[in-house]
Amino acid sequence: MANGSQEARRPHGELVADVMAVLWAAGEPMTARQVKGALSQDLARTTVATILARLHENGTVDRTRPGGSFAYAPVSDAAGLAAGRMRRELEKEPQRDLVLKRFVSSLSTDDGEVLRRLLVEVEAGVAPAGSETASKGDA
């Protein structure tokens, strides 16, 4: 049975997305306290610190200690993180060619055209537009 406070709670994935949005918007490392202050919801600093620590553990954010507290910064932009997730999922599959075939066949015509153009650019040794930010977290 759900009560009012449980209904008001947001799913964990949304909190992570909100934390990442704050870090991307900041453009510089932030402490858990700073991230908490930038969020529009009332969360405990320890909740934000736990989310940041988990993001650090899975390689989504870098962590430094410029003073007494850790400061966190994203290792990549949103596109780079999505590309990394896609690559990791593909690497888990023994039949990569089948996974890629099913993925490509599910693309819209526009996305298929973009993929074809990008493949031609990569084969020609031309860095696709925007690749410098998207690939930072792929290394």
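1. Val104 belongs to helix 6, which covers residues 96-105; helices here are DSSP runs of H or I with at least four residues, numbered from the N terminus. This is a predicted model, in which local features need pLDDT of at least 70 and side-chain atom pairs count only at pLDDT 80 or more, while totals for chains, interfaces and linings use all residues. Residues are numbered from 1 along each chain as its sequence is written, and side-chain values use heavy atoms, with hydrogens and water left out.

2. Val104 has a relative accessible area of 42%, so it is partly exposed (buried means under 20%, exposed over 50%, partly exposed in between, with a 1.4 Å probe and protein chains only).

3. Now for the aromatic residues. The structure has one aromatic pair, and it is tilted because the ring centres of Phe70 and Tyr72 are 6.4 Å apart with planes at 55°. Rings of Phe, Tyr and Trp (its six-membered ring) pair if their centres lie within 6.5 Å; planes under 30 degrees apart are stacked, over 60 edge-to-face and the rest tilted.

4. The two partners are worth checking for cover. Phe70 is partly exposed at 28% relative accessibility, whereas Tyr72, at 5%, is buried.

5. Just after helix 7, have a look at Gly125, which takes a positive phi of about 80°.

Key: Helix = DSSP H or I, 4+ residues; strand = E, 2+ residues; numbered from the N terminus.
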